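Please look over the model shown here.

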Amino acid sequence: LDVYEGSPTSSTFFFAVITKLSLFVLLIRLCYSSFYSLQSSWQFYSIWVGVFSIFIGSFGGLKQRKIKTLLAYSSISHMGYVLVAFSTGTYLGIQMLLFYLVIYMISGLAVWYILLLLRLKQKNLNKYNKEMGDFVLLRKSNLSLSLALSLTMFSIAGIPSMIGFLAKLSIFLSVVGISYYFIAFISILFSVISTFYYIRVVKVLYFENLLVGKLYYPISTLKTVLFSLLIFSLIFLFINPTLLYLINDRVILSLISFSFNEYI
């Protein structure tokens, strides 16, 4: 967490978002191709490591006011959900794992991109980490950016009618599919708890009782277009996620078709 706070936002964004997909592709190749016959050996450990990660991420971020630290705990929690899906040992679990990772990466890119875009008009500002107070009354200075940040937070939290809700629901269904009802129950419970600190960001954006907020430098047109593409992709995938499911199927077949043909 100290590394997250002290690192430049661009570096933190890379390690917090981009590296996750490659790591789980490696794990899938190892456990589902090379060691699938030993599933009973690694499944127990991976599923409880996933649940413990969800627990740490859900409770650790409750009192955080530094955005990077909050997102670090959020990342721990989300990787726990991915590990739980990974531990199911089923085709559906891996499909939902990749679906969840893609949605998480798009949402993460949107949030970190906002942190990069918002540059405070303040002299001698030598801190890398923004606090929640830096977002106070953002709705008055940039309504569209404030709305986009709110929608992204709702998606990461898994609020219904957002693509993040569909991704989390898919994870829970994959766990229920192998009759791990207790794991699904406590994962849902921790998910509800973690929703608090995402909603708190929205509360700071819209409901802080202050008259004066922060001033920011203007955002260029090109950066606005790139950011808009990220937000519209979240909306489009919720309306029609079929394309992403088809791409996931192709990727999964290339990764683990051998292991499932061999052992199932």
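**Aromatic pairs, surface and helices**

Me: Is F55 buried, partly exposed or exposed?
Reply: This is a predicted model, in which local features need pLDDT of at least 70, side-chain atom pairs count only at pLDDT 80 or more, and totals for chains, interfaces and linings use all residues. Residues are numbered from 1 along each chain as its sequence is written, and side-chain values use heavy atoms, with hydrogens and water left out. Buried means under 20% relative accessible area, exposed over 50%, and partly exposed in between (1.4 Å probe, protein chains only). F55 has a relative accessible area of 36%, so the class is partly exposed.

Me: How many aromatic pairs does the structure hold, and why does the pair of F55 and F59 count as tilted?
Reply: Rings of Phe, Tyr and Trp (its six-membered ring) pair if their centres lie within 6.5 Å; planes under 30 degrees apart count as stacked, over 60 as edge-to-face and the rest as tilted. The structure holds eleven aromatic pairs. In the pair of F55 and F59 the ring centres are 4.9 Å apart and the planes stand at 45°, so the arrangement is tilted.

Me: Which helix holds both F55 and F59?
Reply: Helices (H or I, at least four residues) and strands (E, at least two) are DSSP runs, numbered from the N terminus. F55 and F59 are four residues apart, about one turn of the helix, and both lie in α3 (residues 39–60). F59, at 37% relative accessibility, counts as partly exposed. Ring pairs also link F52, F55, F59 and F190 into a cluster, and the helix that holds F55 and F59 is α3.

Me: How many residues apart in sequence are the parts that the pair of Y81 and Y100 ties together?
Reply: Y81 and Y100 form a tilted aromatic pair, 6.1 Å centre to centre with 50° between the planes. Y81 lies in helix α4 (residues 67–86) and Y100 in helix α5 (residues 91–117). Y81 is buried at a relative accessible area of 1%, and Y100 is buried at 4%. The parts tied together by this pair are apart in sequence by 19 residues.

Me: How many of the residues of α5 are buried?
Reply: The expected span of a helix is 1.5 Å times one less than its number of residues. α5 has 27 residues and reaches 39 Å from its first C-alpha to its last, close to the 39 Å expected. The rest of the structure largely encloses α5, because its buried residues number 22 of 27.

Me: Which residues make the nonpolar surface patch?
Reply: Like charges are joined within 9 Å, and nonpolar side chains (Val, Leu, Ile, Met, Phe, Trp, Tyr) within 5 Å. α3 and α9 (181–207) each supply at least two residues of the patch. The patch covers about 710 Å² and is made by F44, Y45, W48, F182, F185 and L189.

Note on methods. Patch = residues over 30% accessible without salt bridge, like charges linked within 9 Å, V, L, I, M, F, W, Y side chains within 5 Å. Areas by Shrake-Rupley, 256 points an atom, 1.4 Å probe, with all protein chains shown as cover. Salt bridge = Lys/Arg side-chain N within 4 Å of Asp/Glu carboxyl O.
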